[in-house]
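Please read them alongside the model.

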Amino acid sequence: MTDTTERTLPAISCDLLVAGSGASGMTAAIVAARNGLKVVVAEKEPVFGGTTALSGGYLWVPNNPVSRAVGVDDSKDAALAYIRHEAGNQFDSARAEAFLDAGPAMIDFMEKNTHVQFEASPAFSDYHPDAPGGTPGGRSILVKPAKVSILGDDIAKLRPPRKELTLFGLAIGSGKELWHFYRAFKRPESFLYVSRRLTKFGLDRAFTGRSQLLTNGNALAARLHRSARDLGVEVMLESPVKSLVRDSSGAVTGAVVLTQQGLRQVVARKGVVLACGGFPQDVSRRQTLYKHPSAEGEHVSAASPGNTGDGLRMAEAIGAATLMDYPNAAAWAPTSLVPRLDGTKGPFPHFIDRGKPGVIAVRRNGRRFVNESNSYHDFIQGLESATPAGEPAEAFLICDHRTIRSYGLGHVKPAPMPLGPSIRSGYLIRGDTLSDLACNAGIDPSAFEATVARLNQDVPTGVDTEFGRGSTAYNRFHGDPEVKPNPCLAPIATGPFYAIRVIPGSIGTFAGIRTDHHTRVLDDAGEVVPGLYAVGNDMASVLGGNYSGGGITLGPGMTFGFIAGLHASGART
């Protein structure tokens, strides 16, 4: 039998070829198709959605119409000042202005012309709300849940949510639903909500084998796919783009795609959009760019396993420029490794638990090193700064029994879920006393006890004298408003005590292909490579390697996908 890599099939033609089926690529495909182009999407994996389908489903889009409709006051000028502050020396005014102009238009287009719908999250703060132009909420919006029926038979092709982030396979919504689950045993209305949700989920599993409601990034990927399907976009799964094709003038006119039947050239009259998800799973590039060593022997990423840097390699192969000198090559997150039944370990990024009152983080020296309630990206930057050269970058999240039963910790769920399985697997470290916990985890016991004593002394005053925990709107968003006087501070006093080891992980990459404000790829001389666009995490981030707020990947990703689709089709907003 002939190997499919050796079989070359007749070429197929389209107007626009999109490499990758995440949010940025699908947005480009939808916009181009809506403006009359014939579009083909080539996805390397057997499922569609990429890292988008694994995400929380938030988009960071300043001055967006969804938030304005609920009274959020924002402006382009304020957002531009914020991006300038966040990007620092990497600030690109033309791309920043393009993002801020097109972002609201993209949201409006999606809600009026597609199945993609959003809801406001006015209390979800920028990650640095006190910086110039920062806001206490409204720039991050969330995709609305969707019924499985939106996809029909294509539901089997949607990348499922990461198992470690579900409850019995139930993906809990990132917005109001998550708050109900945290308060299920504190508020009657939350108890009723959670009871109904779990009952419905149980019935769905019993009769259909799965939940009938999609949430977070799964909902976004499904809504985008259905919208593209309605417009006649062809999505080819298990079809990685292997190389770009150019004409005699150097313009990109298509690509060679390894389909399930064999190699096939796709002729794309209007060009190719690279939306391959960046390089979070490209080991060699990570080793070059990532600064932190890990005792596990390898950095871990919660991104899609297929995001191995294909787009960057293809662009570089034809002389495109890449921006690799960002202060942060990727979006960092403290990550624990959850043991699985098959002996492997799954990454669990710690987004929310660090902000809960009664949780702190220490290194093996027993000392805190950062405001644990700051963003996950800032947490890892703090860990890197505190880790001496040559030592592995690692830390432990610490809490007492009352806290873990109230909020859970990492993969460990709050009461009434049992702690035993996580303790027996080694994921959760336990100690009857603080000294016992320190010994079991390999932490300096005397320094650790002094750290906890200092924290406990600060709790009644509501002021974290070491790191200012709870001092910003973002800190307080992930705290517990029922805890006074500081929603992010509670004592660590009620044994037994618990720890989970975390290491640096990523949820995507920031460094990438150099583009102009139309998302056209540029070469080393700053000249446009005709016919080639880059969006999403293949494109160097407009924030210059910093993390400004929840949805900083999906918001700019979809916005620049929108811009690429418009430019390729010659349309206007």
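1. Buried means under 20% relative accessible area, exposed over 50%, and partly exposed in between, with a 1.4 Å probe and protein chains only. Helices (H or I, at least four residues) and strands (E, at least two) are DSSP runs numbered from the N terminus. This is a predicted model, in which local features need pLDDT of at least 70, side-chain atom pairs count only at pLDDT 80 or more, and totals for chains, interfaces and linings use all residues. Residues are numbered from 1 along each chain as its sequence is written, and side-chain values use heavy atoms, without hydrogens and water.

2. In helix H13 (residues 434–441), the buried residues are Leu434, Leu437, Ala438 and Ala441. These four lie on the same side of H13, because they cover an arc of only 100° around the axis; the arc is taken from the directions from the helix axis to the C-beta atoms. An α-helix has 3.6 residues a turn, so residues three or four places apart point the same way.

3. The opposite face of H13, turned away from the buried side, carries the exposed Cys439 and Asn440. Just after H13 comes Gly442, with a positive phi of about 80°.

4. Among the elements that cover the buried residues of H13 are strands S17 (395–400), S18 (429–431) and S19 (497–509), and helix H14 (445–458); contact means heavy atoms within 4.5 Å.

5. Strand S14 (330–339) and helix H12 (420–425) each supply at least two residues to the lining of the second largest pocket. H12 gives the most, with three residues.
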